[in-house]
Amino acid sequence: MGETSPLIAFSHVVKSFNGSHVRAVNDVSFDIAAGEFLAVVGGSGSGKTTLLRLANRLIDPDAGTITVAGEDIAGIDAIGLRRRIGYVFQSGGLFPHMSIAANIGITPRLLGTPKSEIAARVDELLDLVQLDRAQYRDRLPHELSGGQRQRVGVARALAAKPRIVLMDEPFGALDPVTRDALGNDYRALHIGLGLTTIMITHDMTEALLLADRVAVMHEGRLVALGTAKELSRIDSPYVGELLGTPRRQAERLQAALSQNIAS
């Protein structure tokens, strides 16, 4: 395989649930390059979370193929595949009765990594997500703030040194200041560690600020895919509507700031 081959490729992927004629994912094809940060945006029921769950075989497609590093994932052991791919859940998804260190170290432990190596990896990851190791490693999840729990969720996703990280609305439940800080910190980790990231979000502003490209899903179909500049040129009422929100917010903010300065 050449350097330009995609790391992840969806080809004519279809998924329905419970024998329904409604396709949650309807003939979707796109490629993701190694090192790319792709955000997937769309309303409720657009198929964006289904797309994420297909990528690590939490569910299997009815038709079409998904490849990772050129290999059809249908032929890969699903549990083995999931251990190679980091996954960050919407609200951290931490095990409530396990310490922060145990939560972060769970995948390396399942992979049979020696205890001393896991302990060193946990410390390294706490440093990476900017949580003081002495202060946090023995705490339980309920003793942390929402933003701190999400940092632990990111650390856990990175514990087995995956090349790919999947994120399901990872910052959606956080307050705006924490959300902004954590988004920027994750973007820096994505670049620094050379990760390939797929992030689901309903927030177009977040998608445009963090991702290299944005995929827009609507009623199971991929209706647009591109950079912010490319999306702005697409003649689609739905894409225009999604792009309109960040534009209006920016304009209102600018107007409010100008008024304050003037007064």
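Analyst: Buried means under 20% relative accessible area, exposed over 50%, and partly exposed in between (1.4 Å probe, protein chains only). This is a predicted model, in which local features need pLDDT of at least 70, side-chain atom pairs count only at pLDDT 80 or more, and totals for chains, interfaces and linings use all residues. Residues are numbered from 1 along each chain as its sequence is written, and side-chain values use heavy atoms, with hydrogens and water left out.

User: Why does R179 count as buried?

Analyst: R179 has 15% relative accessibility, and the limit is under 20%, so R179 counts as buried. This residue lies in helix α8; helices are DSSP runs of H or I with at least four residues, numbered from the N terminus. Leaving aside neighbours within four places in sequence, R179 is in contact (heavy atoms within 4.5 Å) with F171, G172, L174, T201, D203 and E206.

User: What makes α7 mostly covered?

Analyst: Of its 13 residues, 10 are buried. The elements covering them include β6 (85-88), α5 (115-128) and α8 (176-192).

User: Why is α7 called roughly parallel to α8?

Analyst: Their axes, lines fitted to C-alpha atoms over the stretch in contact, come within 10 Å and cross at roughly 20°. Angles under 35 degrees count as roughly parallel, so α7 is roughly parallel to α8.

Note on methods
Helix = DSSP H or I, 4+ residues; strand = E, 2+ residues; numbered from the N terminus. Axes fitted to C-alpha atoms, helices over the stretch in contact; angles between N-to-C directions. Parallel < 35°, antiparallel > 145°, perpendicular 65-115°, else oblique.
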